Amino acid sequence: MQRSSFHLAWLFALLLSFKLAQAEPVQEFVLDNGLKVLLLEDHKSPSVTFQVWYRVGSRNEKDGKSGLAHFLEHFLFKGTPTTGPEEYARIIAKNGGRSNAFTTTDMTVYFATMSREKISIQLELEADRMANALLGETYFEPEKKVIQEERRLRTDDNPAAALGEVANAVALTVHPYRRPVVGWMEDIQNLTRQDLVDFYKLYYAPNNAVIVVTGDFATAELLPRIKAAYGKIPRGAEPPKVNVTEPEQRGERRVMLKKEAELPVILMSYHAPNLKSSDSFALDLLSVVLAGGRSSRLHHELVYKKRLAHEIDADYSAVSVDPTGFSISAQLLPGKEAAQLELEIDRELEKIKHDLVSDKELQKAKNQVEAAFIFAQDSIFGQAMKIGYYEIAGGWRQMESYLDGIRKVSREDIRRVAKKYLDRDRRTVGVLVPTKEKAK
């Protein structure tokens with residue numbers, strides 16, 4: 001009882017601190033050239049995170065050109081007329097900052113966190129490479145080899161990742177999400193420098209980008225600097241829209257991957273909506289009820305009680321431009337059969353489709369989701385990331401209604417979305433079969 005009171009008090013304090021932290025709202029500006037600027041002042045510490053988000057990822061590529069967005073991200077570190085190859089990261093580090101970049105299906109992001117006195121360095125460097133990246137021939141083939149090695153390490157030599165890649169390619173027949181962000185190996189090999197140049201000209205324009213800044217700055221001082229650095233970059237042509245709708249799946253799909261591995265892995269992937277659907281809140285909670293921690297249903301039954309799986313997970317993220325997936329994955333224990341584990345997972349899914357979860361179970365899931373959402377914004381970097389992800393997926397203001405959406409989910413909502421989306425006819429099942437010989 002004491003523990004419960006302490007927990008409620010702690011959660012209340014946490015939510016109160018979150019509301020206080022949000023006292024300064026995000027400020028939105030749009031420059032004449034179409035560049036959107038989102039600023040959130042947070043004066044807890046004397047540092048600033050500066051991020052540039054481009055509305056381009058693997059969903060913008062074409063068949064035969066997969067990996068182009070990610071390749072271009074690598075190449076943006078190869079210099080401009082005023083910044084030498086790889087000099088960008090050295091400048092940031094020399095001035096006490098941390099920088100990096102990443103590419104996803106929906107976006108490419110460049111970021112750095114520095115002291116408030118030095119953040120103008122990052123601001124100027126990003127403006128420079130938005131307009132003046134050299135994309136020189138000298139570095140093209142060597143960088144291609146770096147990316148091919150990255151793919152080998154992260155996917156080809158990672159059995160679970162390889163299974164996820166091939167299952168995703170089977171689950172989606174026409175939507176560009178079916179292609180891996182890093183690209184297929186053959187596509188990477190065939191990319192040309194001209195592909196990068198064309199992609200850069202089309203997508204790296206102010207009207208296709210969003211600047212997100214959080215931290216210890218004054219908007220009245222920072223905004224004029226941003227306008228001075230970026231306002232002179234001309235608006236680009238409007239990038240082509242991606243209007244591809246995945247056809248409705250009618251019947252279960254299966255894929256088997258034989259690969260050198262220690263243990264089998266099973267993956268079940270269901271089609272699911274993104275944040276544009278109000279069902280996304282209940283699906284978020286459903287994933288936690290199923291596999292959010294050691295006391296969750298699947299973990300308790302299949303890892304702890306029946307000892308079929310070494311680990312089990314349920315994954316769902318609504319923050320995507322297009323409809324996404326709800327997946328359940330598990331690594332088997334030695335000597336266990338994938339068919340046996342699949343049968344037991346299905347048994348648990350049928351239960352949640354027909355019986356209401358308990359009040360305690362639902363409240364626990366809500367507490368977990370709310371705490372994770374709040375903690376993700378505990379740092380200025382986390383705040384910027386959250387704003388950027390929501391802005392690209394559907395608009396940063398949707399972030400503000402997330403917790404209210406979670407709090408309104410009922411037990412019946414959980415049962416309803418489980419029945420609606422965990423449909424065997426709309427899923428793809430992938431099984432990793434370990435082999436002793438390394439696949440060529």
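## Aromatic rings in this model

Tyrosine 203 counts as buried, at 3% relative accessibility (buried is under 20% relative accessible area, exposed over 50% and partly exposed in between, with a 1.4 Å probe and protein chains only). This is a predicted model, where local features need pLDDT of at least 70 and side-chain atom pairs count only at pLDDT 80 or more, while totals for chains, interfaces and linings use all residues. Residues are numbered from 1 along each chain as its sequence is written, and side-chain values use heavy atoms, leaving out hydrogens and water.

Searching the whole structure turns up 18 aromatic pairs (Phe, Tyr or Trp rings, six-membered for Trp, with centres within 6.5 Å; planes under 30 degrees apart are stacked, over 60 edge-to-face, the rest tilted). Take tyrosine 54 and tyrosine 110: their ring centres are 5.9 Å apart with planes at 85 degrees, so they sit edge-to-face. This pair ties together distant parts of the chain, 56 residues apart, with tyrosine 54 in strand S3 (residues 47-54) and tyrosine 110 in strand S5 (residues 108-115). Phenylalanine 199 and tyrosine 203 make a tilted pair, because their centres are 4.7 Å apart and their planes at 55 degrees. These two are four residues apart in helix H8 (residues 193-203), about one helical turn. (Helices, H or I of at least four residues, and strands, E of at least two, are DSSP runs numbered from the N terminus.)

| Residue | Relative accessibility |
|---|---|
| Tyrosine 54 | 2%, buried |
| Tyrosine 110 | 1%, buried |
| Phenylalanine 199 | 7%, buried |
| Tyrosine 203 | 3%, buried |

Tyr54 and Tyr110 also belong to one aromatic cluster with Phe77, Tyr88, Tyr200 and Tyr204.
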